[in-house]
Amino acid sequence: MKTISESRCYGGVQGVYTHASGTCDCDMTFGLFLPEQAETGAVPVLWFLSGLTCTHENAMVKAGAQRWAAEAGIALIFPDTSPRGEGVANDAAYDLGQGAGFYVNATEAPWAPHFRMWDYITDELPNALFSAFPIAEEAQAITGHSMGGHGALTIAMSFPGRFRSVSAFAPICNPTASDWGRKQFTAYLGTDESAWAPHDATLLMRKRGFDGPMLIDQGTSDQFLDLLKPEALAGAMIERRQGGSFRMQKGYDHSYFFISTFMEEHVAFHAGALLA
C-alpha cells in the first residue's frame, strides 16, 4: 500500500492511498479519514460509496463528512467507483465503464477481467484496511449517493450482521426497471435477468430487508427521479414493514449541495448505531 497524501483534518488525518488490487487486476485508490481517537485505538467506520463519474475524491472533498465524523470519533472510507488505468475496458458513455462500476462482478467481455467491484468492496478492500489501519471490523456502517446508494443498499442487505446501519442519498432504487441499471447489467452481467436481481435494492427489500436502521434522503427536484425510481423502494419498504425513514426533501436536486446539506444528519444517524 502506497501513501499518496496525508493531511491534518479536524484533529484527525485525511489520507489518500493506492494499492495493487488482485480482484480488479489494477491499482486502486481510496480515501480514508481517521479521527483523532484512532491514535489510541480502533474506531468505528462509515463507508461512503460514490456515484457515476466519481472517483474517491468527490465525496472526500465535497460531502463535508469529516467534521461530523471527527466529532463522533468515526473513520470514513471513500473507495473509487471502478477499476482504472491502461488496459482497463472503457466506454464513451459516462454511465458505463470507468467511473461506472455499479458495484457488481462483471461476467461479460470486455468487462470481466477488471470490473469486479462487488468483491473489491465487500472482500478485498476491507481485508486490506482492517489489517493496516486502526478501524473496528465489528463496527461498520455504510452509505452512498446515486449509483453508490444502490451499492450501499444492496451490499448492506446482502451481508446480514456486517453493517449496523445503512443510509443513502438519492439511490438508484430499482435498476432492473431503469435505464440506469438495465443498460449496465446487460453489459456487465449478460441478458439473463435472474443474474440482475441480487443487485436491485427494491427486489432485495421484498426478499429479505435490512436487519438494522435505514435512512434514505431523496430530493424532490432531482433531475434523475425517473431513473432513480424512489417510489419502488419506498413501496417495498412499506410492503415489508421495514423499519426506517424515507424522506423526500423539497426542492433539492442530485448534487453534492444536497448531500452536504444532510450529511450531518446521516453521520449522526450512523453514530447512533455504531456507538450504541
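Visitor: Where does α3 bend, and by about how much?
Guide: α3 bends by about 35° at L125, and a proline, P126, follows within four residues. The bend is the angle between axes fitted to the seven residues ending at a residue and the seven starting there. Helices (H or I, at least four residues) and strands (E, at least two) are DSSP runs, numbered from the N terminus.

Visitor: Before we go on, what kind of model is this?
Guide: This is a predicted model: local features need pLDDT of at least 70, side-chain atom pairs count only at pLDDT 80 or more, and totals for chains, interfaces and linings use all residues. Residues are numbered from 1 along each chain as its sequence is written, and side-chain values use heavy atoms, with hydrogens and water left out.

Visitor: Okay, back to α3. Which of its residues are buried?
Guide: The buried ones are M117, W118, Y120, I121, T122, E124, L125, P126, A128, L129 and F130. Buried means under 20% relative accessible area, exposed over 50%, and partly exposed in between (1.4 Å probe, protein chains only).

Visitor: And what do those pack against?
Guide: They pack against β2 (12-21), β3 (26-34), β4 (43-49), β5 (75-79), β6 (135-144) and α4. Contact here means heavy atoms within 4.5 Å.

Visitor: How far apart are its end C-alpha atoms?
Guide: They are 16 Å apart, which agrees with the 16 Å that the 12 residues of α4 (residues 147-158) should span at 1.5 Å a residue. The expected span is 1.5 Å times one less than the number of residues.

Visitor: Switching topic: which peptide bond is cis here?
Guide: The one from A109 to P110 is cis, with omega near 0°. P110 is in the loop between β5 and α3.

Visitor: What about backbone angles? What is the phi of T53?
Guide: T53 has a positive phi of about 75°, although it is not a glycine. Most residues other than glycine have a negative phi, and most peptide bonds are trans. T53 lies in the loop between β4 and α1 (57-62), and counts as partly exposed at 48% relative accessibility. K229 also has a positive phi, about 55°, without being a glycine. K229 sits in the loop between α7 (225-228) and α8 (230-240).

Visitor: How many salt bridges does the count come to?
Guide: The count comes to 8. One of them pairs E193 with R182, the closest N and O atoms being 2.7 Å apart. E193 is in the loop between α5 (179-189) and α6 (201-207), and R182 is in helix α5, 11 residues apart.

Visitor: What does E239 pair with?
Guide: The side chains of E239 and R206 meet in a salt bridge at 3.8 Å, N to O. E239 lies in helix α8 and R206 in helix α6, so the pair ties together parts that are 33 residues apart in sequence. E239 counts as exposed at 57% relative accessibility, and R206 as partly exposed at 46%.

Visitor: And E265?
Guide: E265 forms a salt bridge with R247, with the closest N and O atoms 2.9 Å apart. E265 lies in helix α9 (residues 256-274) and R247 in strand β9 (residues 245-249), so this pair ties together parts 18 residues apart in sequence. Salt bridges that share partners join D217, R247 and E265 into one network.

Note on methods
A salt bridge is a side-chain nitrogen of Lys or Arg within 4 Å of a carboxyl oxygen of Asp or Glu.
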